[in-house]
Amino acid sequence: MTAVSWSRATSTHGASDVLDAILDEFDARWDAGQEPRAEEYLGQLEDPVDQTALVFHEWTRRRLDGRGSDLEEFLARFPAQADRLRRIVRLEGAFQPALELHGRWLSDGPFPEPGQRSGPYRLVEVLGTGRFARVYRAWHEELSFRPVVVKLAWRESPEPEWLARLRHPHVVDILAQGLTEDGRFQRIVMPDLGGATLAQVLGRGGRPRDGRDWLARIDRLAGEPLSRTTPWRRVLERLDRTRAAAWIVARLAEGLEAAHRRGVAHGDLKPSNVLLAGDGRPLLFDFNLAGELDALEVERGGTVDYLAPERLRFYVEGVGEAPSRPDPLARRRADLYGLGLMLVEALGGTVARAVPEGGDPASRAAALLAERSTGRALRRWLAEARVPIGLRSVLERCLAPEPEDRYPHAAHLAEDLDAYVEDRPVRHARPRGLWARGAVVVVRRRRLLASVCLALAILGGLMGWVAERIAQERRDRALERLAEYWSGGQPDVFRFQWLGRWQPIEPSDAILRARRVLNSYGVLEPGDWRTRVDVAALPSEVRADLELWLLEHAWRLADGLIRRGGSDDLRDALTILERDGHWSRLAPIRERRRWLRERLGLPPVAEVAQASRPEGVAEAYVWGLEFEPQQARRALSQFVLAGARAGGSFWADYRAAAAAYRVALYREASMRLDRCLARYPRNAALLVQQAACQYRLGRLDEAERACERALAIDPMLAEAYRTRAFVRARLAQRGATATDRERFAAVVGRTGRLASHELEWLTAILEDPNGPWPGNDQDQVARFRSDTVDDAELYVLQGIRLEQSGRLAAAFQAYEAAVSANPEHLYAQAALALARFQWALMLGRALQPAVGPLRQSVPRTNPQPLEMRSEILEPFVRIVEHPRFEELVAQRPEALSLITFSWLECLARGRLDAAVEHLTRGLELVRRHENWDLRNDQLAHLQQSRAWMLYGLAHLEARREVRHPTPDGIDRIARWLQEAQAVLPNRVRRWFEKDRVFDPIRSRITAAEAKRG
């Protein structure tokens, strides 16, 4: 990266798209030999920050090209931005010498992408990205694909030299270094130790509760560890919350002491530069801003939030002079301050308590300096958080405002932290206050107290060991029991919409299934099921997920009984909803109980007074279950709310993924499934559903890999073969697609014969949309009608095929069969309505349309009665206003054509507002689908529908404008007409010229169009 591009990166950080475009043009003109000025573009930018960034960019280009170096003379042109720009230039002066000190620029080109090679290393995935470097997980192809970590940097730095000096168990080692073959990057190769950064662990749902929780989070973020028996893991797993954090920072202090003894100061200690390896070992890494301890230069660089007060003072007050002699202790103490801040974060505190997020770096540095110069904020937090006395004294010394009051050596900090972990008195930090000193005295007399309590301690330890073993055994049995439900690929547990299907997965007998699950945990029995051993023994996070899952089954059982409708069923549903006192208080359950009592003629019960705030996680989750069958988007918002309130919930994330998939929010669904897989990475059902999302997003290779992982776990999972067949059909792997179809048919057997035929047809369409489908159409229909179960989806496919071949009458019969097989199949209803409409056109029974768009495409026949028009078009209105219409469009974008007719029926019935609502909703759906990976014919159909809808809005607005003129009505009509003409220029112009509705205002519209250009 050149100095100019670095200037550009710093000046445009967080900038708008408009600023990016301006800077591109500015650079192009500058490189062409012109001399553009920032004043030419300032009027196009509204944000003062963007304006300052543009001015700073011109200053940087002028200074680097030697076209002016007097800052004040330059700032005289920009009085509004002068103060802010002076601060930025001062900060640039703070950073730039550090960059020049630590290396030279090598490149400003793009980093390589995963899958490419860098020398003998195959780059697999990106682990992290910074301003100057990118870190990859890679394979050394010449050494049996050994896993390594490769760091590529734009600038050459002495970091490899520092790492080579620091051979220590708690500092990341270096394997190789040098420039890449093309000389564009510096390459540093390190061992792949697994794990995650401290920042990733702390950012995952609050602070860890104890050492086991630390390890569990590391494993979830990085996968299964290579070994669970390393000494570091054994130590960490038996520590409580504060001691686990102290132990981790103590090990980092040991690594830092090794660096200091070899004359290296880290200079940028923060959680993202600490690795918690898969074996439980804390390590320091990223010595990119490191420097010599005895250097005379002023220490520069670093992350503002983790700087000691003296370094913050340097940034706030400007560039200072170099010291007259080296001061290694000053750099040691600055590093130790950063370690102390990381310990505060690990204990649940924040490094900037009173400083708001955002703002420019200079302002933030000044606010942090004001907070840290006195130390009052730290002491207040130590009291509020009730940090133990021994650890409190360590933190007070480590984070003292004055450098000379801090630890002089990292070894002293490590010694005191280990003393706290082992309940020994600290040596290098004295606690304050009488009570604190008394507690230390008690600790120092512990041997005397231990001799008195030895027998009790041995007995208590033995009892505790026995109790722990019993508790562990119970916990393991409880987890194994739960895994019988959650670890497989059962569709009854993981309800999701299959790839290529309209309806989400539903259990064959929801009532029976829900009863079986609830009975297995005693939910329907007298007493509190939460006290059962197989529930109480579970870890708290898993127990919370289990409660949501059982609540869901109680709701589904009651809902199934209500739908069945018998009086005994309604009484059973009421009993279920009133059985659990915790659940019965939830608002959606209260509403159902009240309705059931009215239906059964029972008196209402006195409700417990509710707080103004909702019940929380469970209430949002049940509202999601209530909305899910018909209103997937509303259900999604409730499931997301439940997950946010819980701070992370497996079932809230899973149900949110299922709802997002139904309304074509595939990225949201994929992100939620990623969270679920972080909890249960070997769940085959989740992997298949993630594959469906990747397929919808066009990531076919990732989808295929997910299916293969699922089949490696469960070779009998039919849906994995089904989804992989879709993927391979899109990849044109005909032989592999056929193999997957055969395996799917073998797994589902005779009971899944219809699904096998359906898969064969769908993949045939993907392989060749215009080619022949397998089998004879009429023979297939006869065979399907002879089966015991009719499949609406299959009849819909049959109808599509018949309609494409021009056999409309047969297609009409297929759609009727689909609706008969499943009256709730919305796409079958839509296809039948469209087929009826086309059939009416062929028989000459369609009405003359009410407005122009249809006049060109409908035969001129005698006007028919309004009842005839309603018989044809009223189903369109019903389908468009159906709550699941958005889901229908997500699966079949061509269903948008219904809106081009539904608004006509609304208009004929005098429902002008409803007609406008239909068209507005349709345009929003068109906009949402325009960026999809659609076939050319689908995209053309989408654009044609958009033109019709825009014309319809113009027509409806013209009706209003004639009766009740508005100041901007004509402009809106002209804009809609122009947007429609951009898609269908000749046809829209003919509609407009022949449509009598526009006659009173036609000249004004034409004038407005001409004005708009």
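**Entry 1: the sheet.** Before reading the sheet, I need one rule: two strands pair if DSSP finds at least two bridges between them. I also keep in mind that this is a predicted model. With that rule, I find an open sheet of six strands, in the order β2-β3-β4-β5-β8-β7, with antiparallel pairing. Which strands stand at the edges? They are β2 (117–118) and β7 (176–179); each has a single partner strand, so one side of each is left without a neighbour in the sheet.

I followed β7 to its partner. It pairs with β8 (residues 186–191) in the antiparallel sense, over four bridges. For one of the contacts by name, I looked up Gly178: its bridge partner in β8 is Arg187. My reminder on what holds such strands: they pair through backbone hydrogen bonds, either parallel or antiparallel.

**Entry 2: aromatic pairs.** I looked up ring pairs next, and the structure holds 26 of them. I picked Trp486 and Trp549, which make an edge-to-face pair with 5.7 Å from centre to centre and 90° between the planes. Why is this pair worth a note? Trp486 lies in helix α18 (residues 446–486) and Trp549 in helix α21 (residues 540–564), so the pair ties together parts that are 63 residues apart in sequence.

Then I turned to Tyr951 and Trp991. Their ring centres are 5.4 Å apart and their planes stand at 70°, so I log the pair as edge-to-face. Tyr951 belongs to helix α42 (residues 936–963) and Trp991 to helix α44 (residues 985–994), so this pair ties together parts that are 40 residues apart in sequence. On burial, Tyr951 comes out at 0% relative accessibility and counts as buried; Trp991 is buried as well, at 1%.

Back to Trp486 and Trp549: ring pairs link both of them into a cluster, with Phe494, Phe496, Phe650, Trp651, Tyr654, Tyr661, Tyr666 and Tyr680.

**Entry 3: arginines over rings.** I checked for charges sitting over ring faces. Arg281 lies over the face of Trp232, 4.9 Å from the ring centre. Arg634 lies over the face of Phe627, at 3.9 Å from the ring centre.

**Entry 4: a helix and what follows it.** In helix α19 (residues 510–520) I listed the buried residues: Ile511, Arg513, Ala514, Val517, Leu518 and Ser520. A general point I jotted beside the list: an α-helix has 3.6 residues a turn, so residues three or four places apart point the same way. Just after α19, I found Gly522 with a positive phi of about 70°.

**Entry 5: cavities.** How many cavities of 30 Å³ or more does the structure hold? I count five. Of the lining, α14 supplies the largest share, four residues. Sorted by class, the lining of the largest cavity has nine nonpolar, two polar and four charged residues.

Terms used
Residues numbered from 1 in each chain as written. Predicted model: local features only at pLDDT ≥ 70, side-chain atom pairs only at ≥ 80, totals over all residues. Heavy atoms only, no water. Buried < 20%, exposed > 50% of the residue type's maximum accessible area, 1.4 Å probe, protein only. Helix = DSSP H or I, 4+ residues; strand = E, 2+ residues; numbered from the N terminus. Phe/Tyr/Trp six-rings, centres within 6.5 Å; stacked < 30°, edge-to-face > 60°. Lys NZ or Arg CZ within 6 Å of the ring centre and 35° of its normal. 1 Å grid on protein atoms, 1.4 Å probe; cavity = no way out; pocket = protein on both sides within 12 Å on 5 of 7 lines; lining within 4 Å. Points joined across faces, edges and corners; volume = space filled by probe spheres on them. Nonpolar A, V, L, I, M, F, W, Y, C, P; charged D, E, K, R; others polar.
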